[in-house]
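Open the model in your viewer and keep the sequence panel beside it. The stops below say what to select and what is found there.

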Amino acid sequence: GSALKINADVLTYHARRELRYNNLEESRNLYKKALEIDPRDGRTYLGLSRIAQKRKDYRLARKWLQDGIKESVSVHPTTGQPDWGGNPYILQALGCFEEKMGYLGKAEQYLIKAIRSRPSHAPAYVALVQLRTRKFRQTAQVGRRLFMKCEEELKKAGMEPNAFVYTSWAA
C-alpha cells in the first residue's frame, strides 16, 4: 500500500531538526523521502530550498521554491478551504528569497501573490510592508494601510488579530 501522510510528517519533523543542527545531507535525505510520500506538501520544498541556500546554491534554492509553488497544495487552517493560488508560505518564501538576491520587483510580485492566494496570511503582509517601507522607501502611511487590510482579512477569516503584525510594525 501507499505510505501514510503521518510518515511524511515525521520525516519532515526530523529533517527540520537535522537542518537546525546543520546536518545538511541527512536533512536533505529525509526531505527527499517525505517528498516521495507526499509531493503536495509544501514544507518539503521549503526545507530543500533552505538547504540549497545554506550551500549557497541559489539557483537550486529558487528551483525548489518554484517547484513547490507548482506541486504543493495548501488549505486555510481554520476554514479548510483551498487557497486561491499557490501555497502562500512558499510564495512568501520566494518573495523573501528574491529580495535577498536583490530582485526587489520580483520579490514584491511574489509577496502580492501570497496575499492574493490567502488574504489572511499575515507574514506576507509583514514582508511586503518591510519591503515597501525599507527598500522602496515608501511612507509609514503605506505600511499602516497594508496592516489595516491584513487585520480586516484576519477578521473575515474568523481569526484573531495577529500580534506578529503589530510587533513587526513597531520594529
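Is asparagine 22 buried, partly exposed or exposed? In this predicted model, asparagine 22 has a relative accessibility of 46%, so it counts as partly exposed, because that class lies between the 20% limit for buried and the 50% limit for exposed. Select asparagine 22 in the loop between α1 (5–20) and α2 (24–37). Its phi is positive, about 65°, although asparagine 22 is not a glycine.

Next, select residues 88–101, which form helix α5. The helix has 14 residues, and at 1.5 Å a residue it should span 20 Å; the end C-alpha atoms are 20 Å apart, which agrees.

Step back to asparagine 87, the cap at the N-terminal end of α5. Display the distance from its side-chain oxygen to the backbone nitrogen of tyrosine 89: the value is 2.9 Å.

Now colour the buried residues of α5: Pro88, Ile90, Leu91, Gln92, Leu94, Gly95, Phe97, Glu98 and Glu99.

Just after α5, select glycine 102, where phi is positive at about 95°.

The last stop is arginine 137, in the loop between α7 and α8 (140–156). Arginine 137 is a residue other than glycine with a positive phi, near 55°. Its relative accessible area is 69%, so arginine 137 is exposed.

Methods: Residues are numbered from 1 along each chain as its sequence is written. This is a predicted model: local features need pLDDT of at least 70, side-chain atom pairs count only at pLDDT 80 or more; totals for chains, interfaces and linings use all residues. Side-chain values use heavy atoms; hydrogens and water are left out. Helices (H or I, at least four residues) and strands (E, at least two) are DSSP runs, numbered from the N terminus. The expected span of a helix is 1.5 Å times one less than its number of residues. Buried means under 20% relative accessible area, exposed over 50%, partly exposed in between (1.4 Å probe, protein chains only). A polar contact is a pair of N or O atoms within 3.5 Å; within protein, one must be able to donate a hydrogen and the other to accept it, and residues adjacent in sequence count only if both atoms are side-chain atoms.
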